[in-house]
Amino acid sequence: MSTDAAKPVAYRDALNQALREELARDPDVFLLGEDIAGFDGAFKVTRGLLAEFGPERVVDTPITEAGFTGMAIGAAMAGLRPVVEIMTVNFVILAMDQIVNNAAKIHYMFGGQASVPIVIRMPGGGGHQLSSQHSQTLDAWFAHVPGLKVVCPSTPEDAKGLLKTAIRDDDPVIFIENEGLYGKKGPVGGPDDLIPFGQAVVRRPGTHCTVIAHSRMVWVALQAAEELASQGIEVEVIDPRTFRPLDLDTLAGSVRRTGHAVIVDEGWPEYGISAGLATHLYEACFDWLDAPIGRVNCADVPMPYAKNLEQAALPQPADVVAAVLANIGRGVA
Amino acid sequence: MSTAAGAEAADMRDMFRSMYLIRRFEEKASEEYMAGRIGGFLHLAIGEEAAVVGTVSAMRADDPLTSTYREHGQALARGADPRAVMAELLGRSTGLCGGRGGSMHLMDKERSFYGGYGIVGGSVPLGLGLAYAARYRKTDQVSVTMFGDGATNQGVVAECFNMAGLWDLPVVFLILNNQYGMGTSLGHAAAEEDLYTRCNAYGIPAWKVDGMDVLAVRGAVAEATRIAREEGNPTCVELLAYRYRGHSMSDPDTVRDAEEKERWRLRDPIITFERVLLGEAVMTADDIAAMKAEVEAVVEDAAAFAESSPEVPVAELADDVYANPFNDDARGGALMP
């Protein structure tokens, strides 16, 4: 690895590298979204790409999520590889008909005649006092739908490598970033380093309890792991990275070794990612579990504005510490 | 010989055959439905054949076409094999979409028929995207996206009008106005009943023609596709038409006035066009009789083929969920331990 490649890169710049490299590699790739060209994107992920690739390939759209998402799906049916930026996950709700009724179903419904090689990128998550309509985590909405692939990168390396894989994939990929991670720095791979879907990664090895976390929650879980280590408890933090496909082998393998599992999910607790993962793990590991699976989720409320309430609603490292201690029967002193 | 609408005699014969095929195919499909061999919804376009065939006849073979769920006619007019279309309606393995789509979701991509879609208005952005791809690749294809009067009240359709006007995309918005959104009449649903005027707000040339007159339809759509192909601009054509049957086979059609239905039946597009063909000596009565007999045989053969076709193997249930499948269990999406 060259010195340049080893240099830490911010998550937003890692995404930018992936987009730049794929735009340069494949003329069928183009970007569209609100304020992504002249304004460089609301989170500056597309910075500089307009100047480099021109307005035909880096397209500012009107504020019309259903329309431009559907248009990109149609363009993908014709063989182009559009990468759509939805400014935040909150606005994708306007485009759900296009994503669920069209993108997810076209390949199956028409007997495999047409594929939809589209990537729909968007950041989710809360923590910036943006209140209910700008702080949601809707990963589960997409993970529920057959025909979609769902990717939630937690590190700059994954952001780049998984986005490149997503762009080259022939199916619709929902690529969920996190507003709290754009400034996170770390190493990234080179132009040919693709990260395959369906491979979970162990972020920290441990023996006492498996902690499963994705996106920004990986970092919350790692902070909790540090705290627990100081108490002599070694948790294994695993990041699934993709939910469709899901690498259940790695998750279940770890849970069978530790006998304990805690799932940390920034989404709501009811019928969501943590609920789905827990079901998989009960089915796969029931006889190995020494305690019911623990879950740490966003509170089951619309996100409040007030800072103290927002922090109380979001999963914090202390919540994870408490959940692990409860799970392994040590309790909180 | 050619007519004012620019149709050569051979084109006119093809158009008549296509209209008659659609009529007889759908009547046969109706019988298959009543016999319990077709499930789900079956939306018939009987009465709308001129709108469908006039439109398709004005398109180039590689111009992408998208449609609503009332699209058997579009598939057939595009040249899809009647056997495969009927087999799809019966949910058989030989169906156009392998029994996955059924009546509402036909596609024949080889013939640039990009599908029928079940969500009102939901396919219009797809048609816009096909136009976008044509411009991106600098082909001179024109995308024609057909939708009904009901769809014009969906927000996403207005979004598409805006983007098409904003970016000058080669698309024809084709409103097949059959005057009813299921059982709700246009007057109960639309503030302005001249639907094409919606496009005025986006600078898109738009006009309305008699959708029961196949030559008028062909002429209007030919002009619309010319503008898109040569000038690179979107257009909108509203076709005023009427469907003779209810919204679907499960609709007893008791809402619409009997006198209204009769009035429109008097303008039957096939009978009207038959008179034109005879009057202009494009076909003789014998020619027409022979063509009808040939079409009858095609329809009967399609039904027999479909009825005798095998069911789709249940083992193939989860095939084709993904173009790049990630495991053998697409239902759960999990790599099972």
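Reader: Which strand gives the largest share of the lining of the second largest pocket?

Author: In this predicted model, that share comes from strand 3 of chain B, with 3 residues. Strand 3 (143-148) and strand 5 (180-181) of chain B are the elements that give two or more residues to this lining.

Reader: How many residues line the second largest pocket, and which lie nearest its centre?

Author: The lining has 25 residues, and those nearest the centre are B:Thr68, B:Tyr69, B:Gly148, B:Asp149 and B:Asn178. By type, the lining divides into 11 nonpolar, 10 polar and 4 charged residues.

Reader: And what is the volume of that pocket?

Author: The second largest pocket has a volume of about 340 Å³.

Reader: Turning to the two chains, what area is buried between chain A and chain B?

Author: About 4,200 Å² is buried between them, and carbon and sulfur atoms give 61% of that area. On the side of chain A, the residues that lose the most area to chain B are A:Met71, A:Tyr108 and A:Gln113, together 17% of what that side buries.

Reader: How many residues does each chain bring to the contact?

Author: Chain A brings 57 residues and chain B brings 48 residues.

Reader: What about polar contacts and salt bridges?

Author: Between chain A and chain B, 25 residue pairs are in polar contact. The interface has 1 salt bridge. A salt bridge joins the side chains of A:Asp28 and B:Arg137, at 3.4 Å from N to O.

Reader: Which helix of chain A gives the most to the side that touches chain B?

Author: Helix 4 of chain A does, with 10 residues. That side of chain A divides into 26 nonpolar, 17 polar and 14 charged residues.

How values were computed. Residues numbered from 1 in each chain as written. Chains lettered and ligands numbered in written order. Predicted model: local features only at pLDDT ≥ 70, side-chain atom pairs only at ≥ 80, totals over all residues. Heavy atoms only, no water. Contact = heavy atoms within 4.5 Å. Buried area = accessible area lost by both parts, 1.4 Å probe. Salt bridge = Lys/Arg side-chain N within 4 Å of Asp/Glu carboxyl O. Polar contact = N/O pair within 3.5 Å; in protein donor to acceptor, adjacent residues only side chain to side chain. Helix = DSSP H or I, 4+ residues; strand = E, 2+ residues; numbered from the N terminus. Nonpolar A, V, L, I, M, F, W, Y, C, P; charged D, E, K, R; others polar. 1 Å grid on protein atoms, 1.4 Å probe; cavity = no way out; pocket = protein on both sides within 12 Å on 5 of 7 lines; lining within 4 Å. Points joined across faces, edges and corners; volume = space filled by probe spheres on them.
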